[in-house]
Amino acid sequence: MKFAICAGHGGNDPGACYGGYTERDLMVKLRDKVCENLSHTNHTVKADGSKGVNLTLATAITLAKECDVSIEFHTNAAANPAAKGVEVLSLPDHKVLSQKLAKAIATVLKAPLRGEQGWKPQEASARGKLGFVQAGGMIVEVFFLSNPEELANYLAAEDELAQKIASVLVE
């Protein structure tokens with residue numbers, strides 16, 4: 001199986017920012033850890049950049065089209081710092097895997113599931129159709145960066161989370 005493991009907000013786009021953290025930097029680190037965990041399997045793993053580097057969305061879309069399973073990590077953010085939870089946006093074909101990923105993440109981070117047991121169709125996004133999803137990928141909103149408790153839970157569980165995500169992918 002071929003996996004594309006990507007991090008949102010490539011190039012100079014930091015994504016959401018809170019407490020000195022950027023979405024891009026946190027998700028590149030998670031991407032790198034998941035790739036490292038997957039490298040010990042008999043699967044092909046492609047990333048949207050070398051370790052610590054995040055390339056453009058166009059690169060991630062190209063990878064998504066080439067691979068069997070493609071995920072792109074993001075964090076959510078909201079004006080309300082109490083907003084929380086995990087969700088995965090995908091086409092209906094990936095609903096079951098999206099729900100498994102969301103449940104695994106929610107369990108590690110002690111967070112609620114958003115949407116339909118962690119899954120949302122791309123139309124539920126404020127942006128409507130999403131290029132990465134249209135290419136067959138899943139957008140994983142790991143946690144709310146704007147929620148101090150969720151950020152702390154994420155930072156405390158990064159390694160465990162990367163291992164759990166990799167194990168769900170190879171199941």
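Asparagine 76 is buried in this predicted model, where its relative accessible area comes to 13%, and the residue is found in strand S5. Strand S5, which spans residues 69-76, is also among the elements that cover the buried residues of helix H2.

**Surroundings of asparagine 76**
- The side chain of asparagine 76 makes a polar contact with the side chain of glutamate 87, at 3.3 Å.
- Once neighbours within four places in sequence are left aside, the residues in contact with asparagine 76 are Glu87, Arg114, Glu141, Phe143, Phe144, Leu145 and Ser146.

- Helix H2 runs over residues 57-66, and its buried residues are Ala60, Ile61, Leu63 and Ala64.
- Viewed down the axis of H2, these buried residues fall within an arc of 160 degrees, and they therefore line one face of the helix.
- The cover over the buried residues of H2 includes strand S1 (2-7), strand S4 (44-47), strand S5 (69-76) and helix H4 (131-134).
- On the face of H2 that is turned away from its buried side, the exposed residues are Ala58 and Lys65.

**Loop residues with a positive phi**
- Histidine 9, although not a glycine, has a positive phi of about 65 degrees, and its place is in the loop between S1 and strand S2 (17-18).
- Glutamine 117 is likewise not a glycine and has a positive phi of about 55 degrees; this residue lies in the loop between helix H3 (95-109) and strand S7 (119-121).
- Glutamine 117 counts as exposed, because its relative accessibility is 56% and the cut-off for exposed is over 50%.

Methods. Residues numbered from 1 in each chain as written. Predicted model: local features only at pLDDT ≥ 70, side-chain atom pairs only at ≥ 80, totals over all residues. Heavy atoms only, no water. Buried < 20%, exposed > 50% of the residue type's maximum accessible area, 1.4 Å probe, protein only. Helix = DSSP H or I, 4+ residues; strand = E, 2+ residues; numbered from the N terminus. Arc of directions from axis to C-beta. Contact = heavy atoms within 4.5 Å. Polar contact = N/O pair within 3.5 Å; in protein donor to acceptor, adjacent residues only side chain to side chain.
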